[in-house]
Amino acid sequence: MVTTKKQKYLFLAFCLVPTFLLFAVFTLYPMISGLYFSFFSWSGAAANREFVGIDNYIRLFNDGIIPRTILHDYFLVVTKVLGIMVLAMYFAVAIMQLKLKEAPFYRIIFFFPNIMSVVVIGILWTFIYNPNLGLVNSALEAVGLENLTRPWLGSETWALPSLVLPSIWAGIGLFMLMLMGGIATISKSYYEAAELDGATEWQQFWKVTVPLLWPQIKVSILYIVITTLNGSFIIVQIMTGGGPNNSTHVMGSYLYQQAFEQYNFGYGATIGVMILVISLVTVLVLARLLKREKVQY
C-alpha cells in the first residue's frame, strides 16, 4: 500500500524509469544516432567517418528512386487500409451478428497468420506466386485462363500489386478481433430501437455500428499506416528484393540496400530520417482527418 508521498513517488519511479530507459535505448538513441550519421559519409564498417554536412540530403532530393519508393509505400498504405478494413469489418460484423457456433474456430483461422513470422509469410507467398509450381498460375490454368498466367514477382507491372495480397491476408485477423471486441460492447437496444424506427440492416450498420465503432476503426487505420510505412520493407526484401528494376522498392528496402548492401551507411541514415519525417507527418494529418466528435451512449 502507498501511504506516504515519498512512497508514491518511489512507486511511480519504479514503474516509469525502466520503461523510459528501454524507450531511450531502443527508440531515442537510434533516432538521434541516425540523424547524426546522416551528416557523414561512412560505409558503416570503417573506423573513420567523413563529415559532409547536408550533402546526403542534397543527394536524397536528387535521387530519382526516392519518389518511386514513396509512391510504392503509399500504394501499399492505401491498398492495405482498404483491403484489411473492409474485409476485417465484414467478417467481424458477420460473425458477431450471425452468432455462429463456429465463431471461436473462425477467430483462430483468421488470426493464425498473425502468429507467423513475416519472413515465413514472405517465403510462403513466394512459392504461391512461383510461375511454374505456384498455386496462382496453377489455379488459372485449371479454369482455362492460361493467358492470365505470368511471372508475378518478376513483372515490373505486377510485382508491387502482388505484394498487397499477402499483406492483407496477414493482417485481417488482428483487426477483425479488435473490431469484434468493439462490436461486443455495443448494446443491442440500439439496434432494436433502429429496427423499430424502420432502419434496414445496412442503415443500422452505417448509423449505429460505424459511429460507435469509430475509435477502434481509427486506431486500426493508424496502426496499419504506421506499420506499413515502417515495416513493409521486410516482405519486400523477402519476396522481391526491391526488383525487378526497382519496381517494388519501398523507403525501408531502399534504405537497407544503401546501408547494408552498398555500404552507404550515411546515406542510408538520411533515408531513415526521411522515413521518420514522412511517417510522423502522415500520422498527424491522418489523425486529424479521422477525428470525430465522441459518441455518447
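In which loop is Pro244 found? Pro244 sits in the loop between α10 (233-239) and α11 (251-261). This is a predicted model, in which local features need pLDDT of at least 70, side-chain atom pairs count only at pLDDT 80 or more, and totals for chains, interfaces and linings use all residues. Residues are numbered from 1 along each chain as its sequence is written, and side-chain values use heavy atoms, with hydrogens and water left out.

**Overall make-up**

- The chain has 12 helices and two strands; helices (H or I, at least four residues) and strands (E, at least two) are DSSP runs, numbered from the N terminus.
- In sequence order, the elements follow the pattern α-β-β-α-α-α-α-α-α-α-α-α-α-α.
- The C-alpha trace spans about 80 × 75 × 30 Å along its principal axes.
- The chain holds 297 residues, and 39% of them count as buried. Buried means under 20% relative accessible area, exposed means over 50%, and partly exposed lies in between (1.4 Å probe, protein chains only).

- Val17, Phe20, Leu21, Phe23, Leu28, Met31, Ile32 and Leu276 make a nonpolar surface patch of about 730 Å².
- Patches are made of residues with over 30% relative accessible area and no salt bridge; like charges are joined within 9 Å, and nonpolar side chains (Val, Leu, Ile, Met, Phe, Trp, Tyr) within 5 Å.
- A salt bridge is a side-chain nitrogen of Lys or Arg within 4 Å of a carboxyl oxygen of Asp or Glu.
- Accessible areas come from the Shrake-Rupley method with a 1.4 Å probe, and for residues only the protein chains shown count as cover.
- Helix α1 (residues 5-37) gives the most to this patch, with seven residues.
- Leu28, one of the patch residues, lies in helix α1. Leu28 counts as partly exposed because its relative accessibility is 30%.
- Phe11 is also placed in helix α1. Its relative accessibility is 46%, so Phe11 counts as partly exposed.
- Leu12 is another residue of helix α1. With a relative accessible area of 37%, Leu12 is partly exposed.

**Distances from helix α1**

- Phe11 and Arg288 are 277 residues apart in sequence, and their C-alpha atoms are 35 Å apart in space.
- Leu12 and Ala94 are 82 residues apart along the chain, and 44 Å separates their C-alpha atoms.

**How helices pack**

- Axes are lines fitted to C-alpha atoms, for helices over the stretch in contact, and angles run from 0 to 180 degrees between N-to-C directions.
- Angles under 35 degrees count as roughly parallel, over 145 as roughly antiparallel, 65 to 115 as roughly perpendicular, and the rest as oblique.
- A crossing is left-handed if the near helix is turned anticlockwise from the far one by less than a right angle, and right-handed if clockwise.
- Helix α7 (residues 159-184) and helix α9 (residues 201-231) have axes that come within 9 Å and cross at roughly 155°. Therefore α7 is roughly antiparallel to α9. The crossing in which α7 passes α9 is right-handed.
- Helix α2 (residues 55-62) packs with α12 at an angle of about 70°, and their axes are 9 Å apart. The two helices α2 and α12 are therefore roughly perpendicular to each other. The crossing of α2 past α12 is right-handed.
- For α11 and α12, the axes come within 7 Å and cross at roughly 160°. This pair, α11 and α12, is therefore roughly antiparallel. In this case α11 passes α12 in a left-handed crossing.

**Backbone features in the loops**

- The peptide bond from Gly243 to Pro244 is cis, with omega near -5°.
- Asn245 is found in the loop between α10 and α11, the loop that also holds Pro244. Asn245 is not a glycine, yet its phi is positive, at about 55°.
- Tyr263 lies in the loop between α11 and α12 (265-289). Phi of Tyr263 is near 60°, a positive value in a residue other than glycine.
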